[in-house]
Each structure stands twice: as structure tokens, then as C-alpha cells.
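Colleague: I have the model open on my screen and would like to go through it with you. Could you take my questions one by one?

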Amino acid sequence: MYTISAKLTFHISHSDSLKYKRKIRRSLIEKTRHKFNVSISEVGTQDNHKTLTIGVAVVAGDASHARDSMEEIIRFMEIHTDAELISVELC
């Protein structure tokens, strides 16, 4: 069994409140969880309405499948949000 996790940081340039950030976060997490069935949650910057930090964890039978799945998840998240992906930290 192999696990891989990532911390993704997004910048929400047009956000003017935490309420708007929560809307973006909820949508992105629900879409990703529904499509990939992964563990995903906001892991930091909860009080900053312009920055969204999300953690994602993947468990797979082999290392290459885990890496490929994580790459696909990152691409999906980048495409399916109004926020700009500014950093990815793989763990």
C-alpha cells in the first residue's frame, strides 16, 4: 500500500469575504471528492479570505498509480475552480 499527499494553495483574487471563500472551497472539495473519492479538506489559512489551502491524500496499491492519481487530481482541481493554483507541495 502506498500513500501520497499534497498541500495545494490557491489565490482567490476576486474574493471579498470569507463567505465567498467558503463557497469556492465547498464547491471544489465536493467536486473533487465526488469524482475521485479521496480524503480532502481545508488545512490552513482559514482566516484569510484570499488564500485557500487544501490537503489531499491518496492511497493506492502501487506507487506509480498513487502518483498518477495525484497528478490527475491536481489538474482537475486547477481546471474546476475560479481560484488560481499558486503552489503544490507533495508529501
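Colleague: Which residues gather in a patch of negative charge on the surface?

Modeller: Asp 62, Asp 68, Glu 71 and Glu 72 gather there. A patch is made of residues with over 30% relative accessible area and no salt bridge, with like charges joined within 9 Å and nonpolar side chains (Val, Leu, Ile, Met, Phe, Trp, Tyr) within 5 Å. Lys and Arg count as positive and Asp and Glu as negative, while His and the chain ends are not counted, and the place of a charge is taken as NZ of Lys, CZ of Arg, CG of Asp or CD of Glu.

Colleague: Before I go on, what kind of model is this?

Modeller: This is a predicted model, in which local features need pLDDT of at least 70 and side-chain atom pairs count only at pLDDT 80 or more, whereas totals for chains, interfaces and linings use all residues. Residues are numbered from 1 along each chain as its sequence is written, and side-chain values use heavy atoms, with hydrogens and water left out.

Colleague: What does Val 58 touch?

Modeller: Not counting residues up to four places away in sequence, Val 58 touches Tyr 2, Thr 3, Ile 4, Val 38, Ala 66, Ser 69, Met 70 and Ile 73, contact being heavy atoms within 4.5 Å.

Colleague: What about Thr 53, buried or exposed?

Modeller: Thr 53 also lies in strand S3 and is buried, with a relative accessible area of 6%. Leaving aside neighbours within four places in sequence, Thr 53 is in contact with Lys 7, Leu 8, Thr 9, Ser 41, Glu 42, Val 43, Gly 44 and Thr 45.

Colleague: New topic: how many salt bridges does the structure hold?

Modeller: The structure holds 2 salt bridges, a salt bridge being a side-chain nitrogen of Lys or Arg within 4 Å of a carboxyl oxygen of Asp or Glu. In one of them the side chains of Lys 21 and Glu 42 meet at 3.1 Å, N to O. That pair links distant parts of the chain, with Lys 21 in helix H1 and Glu 42 in strand S2, 21 residues apart.

Colleague: Which residue does Arg 25 meet in a salt bridge?

Modeller: The side chain of Arg 25 meets that of Glu 42 at 2.7 Å, N to O. This pair also links distant parts of the chain, Glu 42 in strand S2 and Arg 25 in helix H1, 17 residues apart. Through shared partners, salt bridges join Lys 21, Arg 25 and Glu 42 into one network.

Colleague: Why does Lys 21 count as buried?

Modeller: Lys 21 counts as buried because its relative accessible area is 2%. Glu 42 is buried too, at 13% relative accessibility, whereas Arg 25 is partly exposed at 22%.

Colleague: Which phi value does Asn 37 have?

Modeller: Asn 37 has a positive phi of about 55 degrees although it is not a glycine. Most residues other than glycine have a negative phi. Asn 37 lies in the loop between helix H1 (18–36) and strand S2 (39–44) and counts as exposed, at 68% relative accessibility. Thr 45, in the loop between S2 and S3, has a positive phi as well, near 50 degrees, and is partly exposed at 33% relative accessibility.

Colleague: Last one: how many residues apart along the chain are Glu 89 and Ala 6?

Modeller: Glu 89 and Ala 6 are 83 residues apart along the chain, yet their C-alpha atoms are separated by 5.4 Å. Glu 89 lies in strand S4 (residues 84–90), and, not counting residues up to four places away in sequence, Glu 89 touches Ser 5, Ala 6 and Lys 7.

Conventions. Accessible areas come from the Shrake-Rupley method with a 1.4 Å probe; for residues, only the protein chains shown count as cover. Helices (H or I, at least four residues) and strands (E, at least two) are DSSP runs, numbered from the N terminus. Buried means under 20% relative accessible area, exposed over 50%, partly exposed in between (1.4 Å probe, protein chains only).
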